[in-house]
Amino acid sequence: MKPVTVIGFLGSTLDAAKFGPSRWSKWRPTVSICMQEDLRVDRFILLHGSYHRRLADYVAADIRDVSPETEVVQQLLNFDDAWDFEEVYGKLLDFARAFPFDPDNQDYLIHITTGTHVAQICLFLLTEARYLPGRLLQTQPQRGAPQPIGTWNAIDLDLSRYDSIATRFAEASAESASFLKSGIETRNDAFNRMIDEIEQVAVRSRAPILLMGPTGAGKSQLARKIYELKKLRHQIAGPFVEVNCATLKGDSAMSALFGHRKGAFTGAAQDRPGLLKSADKGLLFLDEVGELGLDEQAMILRAIEEGRFLPVGADSEARSEFQLIAGTNRELMGEVDAGRFREDLFARLNLWTFSLPGLAQRREDIAPNLDYELERFAEREGARVTFNKEARETYLAFAESPAAPWKGNFRDLAASVTRMATLSPAGRIDSAAVAFETARLQSLWSGGDAGGDPLDALLPASRLRAIDPFDRVQLAYVVTVCRQSGSLSAAGRSLFSASRTERKSTNDADRLRKYLARFDLDWARVAAR
């Protein structure tokens, strides 16, 4: 076992006692340390000022009485103001740097029960920073004890050594990461690693964050979640201010971002604080930051670095302290090379850059996001809608296949779920609804009619109103398949691909012809574009 050295302040109040035997009935923290049966103190570095030299001598003598093996070293440390944080920290730092520590051969305990609160805080900080290479030592009196020995506890600031703390920290970190993902159990390993890193950056740094990725990849939603996480951790107090920089054009951009003074230009009838000022103490999300003009970029850079900017028409600067998150679907390095984006602003934003993958690169996450979108629909519309088993399997088979490019990423998925849920008034999305929706998506991605309903041009409104919603969805899908097929027979084989294997003789063309006739339609009319 290594020899133990205790370093602590003399307690001018707690360690004081009247001379005589009665002093042994009082708990004195510095003396009590050396009275512990399960703690051998080989050396005690007793810090004190000149004013308390007599008390220090008295306490040192008592330590030698109760623990003859303890060497007491009285260390003079004077403060002009023991409550001046800067002075106390500075002198303790000088002491720590000059002290001949030997942690390989000595154990050090830093006593933080005595001394002013400022001194205790400084000892904690110096121990945490390893200027004092030891463990913290706390002592306290014990009620009902036969003598005033009290109790002691050593605290190692390497929290990884405490299993319960490490476990709770890991759980808290996992909860934060899940929070950033809106509670969605994502399965993409690369995305999960990125979210874990964003969680660490969000709670430990105020530096700007740059979110890159295609439109609809979830940059805006992630930025808001980062804001909510920081607010939960009491790291931010102001509002979340989101700006779509693509909408800021011309002279109005400066006014919108930085504000203006009354009379600064025609139409400026009153002062306007601007979005940067509105984000004071909060978080500013500049979406599509690559769309900003060079002048606006220069002022944004100064606002980030100095927290100051000049409103339009103002004589004095305004101040705003905000956390910045920028989003873009552009390759900003290329924009810098082309002279459309300032290199110095890019360098400032590029400290923490995260590229969000599109939905097509996260196909394994479509299933959990499908459930998430259904939950959002239920919260928004007050009606819960679910898939039947076959319809869900059919939709996921399409959504997870290369045939689905998901050009609009999560926006496409959210819109898709909303359409299916809305067109399923019974609260159950069936195979017909899925067939109609997948046809709509294919038409949308191929540049076809974004409205997606091919029946509008085929049947008059009066006839459409007479068709039940269930039949209408099915008919729309049939029409879409017919238009994608080269002949009536080919369309029939595609539409009846499952049931035709169960029949001895097949005439898919005839079946399809009779189905269309129910709605006063024929092949020629349906196939015509």
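**Aromatic pairs, a helix and a sheet**

Mentor: Phe95, Phe99, Phe101 and Tyr108 form one aromatic cluster. Please keep in mind that this is a predicted model.

Trainee: How are the rings of Phe101 and Tyr108 arranged as a pair?

Mentor: A pair of aromatic rings is described by the distance of the centres and the angle of the planes. For Phe101 and Tyr108 the centres are 5.0 Å apart. Planes over 60 degrees apart count as edge-to-face. The planes here stand at 80°, so the pair is edge-to-face.

Trainee: Are Phe101 and Tyr108 buried or exposed?

Mentor: Buried means under 20% relative accessible area. By that criterion, both Phe101 and Tyr108 are buried.

Trainee: How many residues apart in sequence are the parts that the pair of Trp406 and Trp445 ties together?

Mentor: Trp406 and Trp445 form an edge-to-face pair, with 5.0 Å from centre to centre and 75° between the planes. Both residues are buried. Trp406 lies in the loop between α14 and α15, whereas Trp445 belongs to helix α16, so the pair ties together parts whose separation in sequence is 39 residues.

Trainee: Which elements do the buried residues of α3 pack against?

Mentor: The buried residues of this helix are Glu87, Val88, Leu92, Leu93, Phe95 and Ala96. One of them, Phe95, also belongs to the aromatic cluster described above. The elements against which the buried residues of α3 pack are β1, β2, β3 and α4.

Trainee: Which residue has a side-chain oxygen that reaches the backbone nitrogen of Glu86?

Mentor: The contact lies at the start of α3. The oxygen comes to within 3.0 Å of that nitrogen, and it belongs to Asp84.

Trainee: How many bridges join β9 to β12?

Mentor: These two strands run parallel, and Phe285 stands opposite Ile325 in β12. The number of bridges joining β9 to β12 is 4.

Key
Residues numbered from 1 in each chain as written. Predicted model: local features only at pLDDT ≥ 70, side-chain atom pairs only at ≥ 80, totals over all residues. Heavy atoms only, no water. Buried < 20%, exposed > 50% of the residue type's maximum accessible area, 1.4 Å probe, protein only. Contact = heavy atoms within 4.5 Å. Polar contact = N/O pair within 3.5 Å; in protein donor to acceptor, adjacent residues only side chain to side chain. Pairing = 2+ DSSP bridges. Phe/Tyr/Trp six-rings, centres within 6.5 Å; stacked < 30°, edge-to-face > 60°.
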